[in-house]
Amino acid sequence: MTLMSQTGSFYDFKVKTLEGDDFDLSSLKGKKVMVVNVASKCGFTPQYKDLEEMHKKYEGELVIIGFPANNFMNQEPGSASEIRQFCSQNYGVTFPLMEKISVKGKDMHPLYQWLTEKEKNGVMDSEVKWNFQKYLIDENGKLVDVMYSKEKPESEKSAKWLSSR
């Protein structure tokens with residue numbers, strides 16, 4: 001058995017916020033991060049409420065980052081301002097939302113390439129199967145696990161991850 005070493009770190013990435021500002025993921029060192037691809041017109045959209053509750057409950061130790069994506073059945077067709085308005089009005093979202101990106105295919109964002117390719121993250125291969133898939137990153141910027149869409153944000157898996165040091 002050969003161990004894969006990761007090439008790069010979660011902290012190497014810079015992304016844009018929904019409003020277009022630069023956001024350096026290295027600013028999250030020392031915190032657990034849940035990366036979620038989100039959409040406004042999905043059956044899992046009510047998970048915004050669960051994610052916001054987690055954001056408030058674990059403030060200071062967990063950062064939830066939402067990446068709107070329109071990769072699945074055109075379920076996130078909105079502009080940045082429409083996405084912000086929808087999330088604020090319907091779910092009171094205050095956790096960070098980033099610019100709309102692609103989470104699969106030829107135009108997949110480099111962060112999602114890192115999240116889904118063992119060759120890059122050193123941990124596992126995965127495929128983004130639908131909206132509201134969650135990637136768990138530890139305090140050192142290492143990929144820990146993936147939670148698929150049907151798994152609620154505050155599942156047993158995430159509780160174990162949050163309680164681990």
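A: F132 lies in the loop between α4 (118–121) and β5; helices (H or I, at least four residues) and strands (E, at least two) are DSSP runs, numbered from the N terminus. This is a predicted model, in which local features need pLDDT of at least 70, side-chain atom pairs count only at pLDDT 80 or more, and totals for chains, interfaces and linings use all residues. Residues are numbered from 1 along each chain as its sequence is written, and side-chain values use heavy atoms, with hydrogens and water left out.

Q: Is F132 buried or exposed?
A: Buried means under 20% relative accessible area, exposed over 50%, and partly exposed in between (1.4 Å probe, protein chains only). F132 has a relative accessible area of 0% and is buried.

Q: Which residues does F132 touch?
A: Contact means heavy atoms within 4.5 Å. Not counting residues up to four places away in sequence, F132 touches V36, N37, V38, A39, F44, T45, Q47, Y48, L51, M147, Y148 and S149. Of these, Y48 is 84 residues from F132 in sequence, yet the two are 8.8 Å apart in space, C-alpha to C-alpha.

Q: How should I read the nonpolar cores?
A: In soluble globular proteins, nonpolar side chains tend to be buried together. A nonpolar core is a set of buried Ala, Val, Leu, Ile, Met, Phe, Trp, Tyr and Cys residues joined through side-chain atoms within 4.5 Å. Here the largest has 28 residues, and F10, L25, V35, I65, F67, Y112 and L115 have the most contacts inside it. Elements giving it two or more residues are β3 (32–38), β4 (62–68), α3 (110–116), β5 (134–137) and β6 (143–147). The largest share, four residues, comes from α3. A second, separate core of 20 residues includes L18, V36, V93 and F132.

Q: In what order do the strands of the sheet lie?
A: Two strands pair if DSSP finds at least two bridges between them. Four strands form an open sheet in the order β4-β3-β5-β6, with mixed pairing. β4 and β6 stand at the edges with a single partner strand each, so one side of each has no neighbour in the sheet. β3 runs parallel to β4, joined by seven bridges, and antiparallel to β5, joined by four. V36 stands opposite G66 in β4, and its bridge partner in β5 is K134.

Q: Which residues lie on the two faces of β3?
A: In a regular strand the side chains alternate between the two faces of the sheet. In β3, K32, M34, V36 and V38 are on one side and V33, V35 and N37 on the other, all buried. Seven of the seven residues of β3 are buried, so β3 is largely enclosed by the rest of the structure.

Q: Which residues of helix α5 are buried?
A: An α-helix has 3.6 residues a turn, so residues three or four places apart point the same way. In α5 (residues 156–163), S158, W161 and L162 are buried. Those three cover an arc of only 95° around the axis, which puts them on the same side of α5; the arc is that of the directions from the helix axis to the C-beta atoms. The face turned away from the buried side carries the exposed residues E156, K160 and S163. The buried residues of α5 pack against β3, α1 (47–57), β4, β5 and β6.
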